[in-house]
Amino acid sequence: MFLEGFHHVAIICSDYSVSKYFYSEILGLEIIAETYRETRSSYKLDLMLPDGGQIELFSFPDSPERVSNPEAQGLRHLAFSVASIPQAVEYLRSRGVGSEPIRVDELTGKKFVFFRDPDGLPLELYEK
């Protein structure tokens, strides 16, 4: 196979400072680079997960809201792996981030839970 791994996911946010805080301070992603592109009136923030996967966080003026309910075709959600779902949920709650109830994957027996970023983007935590 020619694919060697996952490199990044790009996310467009509505409020750059709020989303930057959420992804870097609450979720703990490392900031690799932050660039302001004056010609686009846009920020690009490169963030890295411990396994090397990256998120590119963009801000664009007047970008439309994401359609999420009912679920539209396309990317459904972004999932992160964690060692313990209960501990991760407790951590999120301590930082003011709510989540759906913890579920168990009927195919793998692993715990998982959904929560949302500041723009309502569905995010998932999946237990290793």
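**Salt bridges, sheet and pocket**

Modeller: I would begin with K44 and D46, both of which are buried. Please bear in mind that this is a predicted model.

Colleague: What makes K44 count as buried?
Modeller: The relative accessibility of K44 is 18%. Buried means under 20%, so K44 falls into that class.

Colleague: How do you know that K44 forms a salt bridge with D46?
Modeller: The closest N and O atoms of K44 and D46 are 2.5 Å apart. The criterion is a Lys or Arg side-chain nitrogen within 4 Å of a carboxyl oxygen of Asp or Glu, and the pair K44 and D46 therefore qualifies.

Colleague: Why is the contact of E56 with K44 also called a salt bridge?
Modeller: The closest N and O atoms of E56 and K44 are 3.6 Å apart, and the cut-off is 4 Å, so the term applies here too. This pair links distant parts of the chain, with E56 in strand β4 (residues 54–59) and K44 in strand β3 (residues 42–48), 12 residues apart. With 15% relative accessibility, E56 counts as buried.

Colleague: Which residues are linked with K44 in a network of salt bridges?
Modeller: The network links K44, D46 and E56. The structure holds 4 salt bridges.

Colleague: What makes K20 and E34 a salt bridge?
Modeller: Their closest N and O atoms are 3.1 Å apart, which is within the 4 Å limit. K20 lies in helix α1 (residues 16–26) and E34 in strand β2 (residues 30–37), so the pair ties together parts that are 14 residues apart in sequence.

Colleague: Why is K20 called partly exposed?
Modeller: Its relative accessibility is 24%.

Colleague: Which residues of α1 are buried?
Modeller: They are Y16, S19, F22, Y23, S24 and I26. After α1 comes G28, whose phi is positive, near 80°.

Colleague: What makes β1 and β2 the edge strands?
Modeller: The 4 strands form an open sheet in the order β1-β4-β3-β2, with mixed pairing. β1 (8–13) and β2 each pair on one side only. On average, neighbouring strands of this sheet are turned by 15° against each other, direction ignored.

Colleague: Which residues lie nearest the centre of the largest pocket?
Modeller: L49, P50, A79, F80 and S81 lie nearest its centre, among the 24 residues that line this pocket. About 520 Å³ of space lies in the largest pocket.

Colleague: Where does the largest share of the lining of the largest pocket come from?
Modeller: That share, 5 residues, comes from β5. At least two residues of the lining are supplied by each of β4, β5 (78–82) and α2 (85–94).

Methods. Residues numbered from 1 in each chain as written. Predicted model: local features only at pLDDT ≥ 70, side-chain atom pairs only at ≥ 80, totals over all residues. Heavy atoms only, no water. Buried < 20%, exposed > 50% of the residue type's maximum accessible area, 1.4 Å probe, protein only. Pairing = 2+ DSSP bridges. Axes fitted to C-alpha atoms, helices over the stretch in contact; angles between N-to-C directions. 1 Å grid on protein atoms, 1.4 Å probe; cavity = no way out; pocket = protein on both sides within 12 Å on 5 of 7 lines; lining within 4 Å. Points joined across faces, edges and corners; volume = space filled by probe spheres on them.
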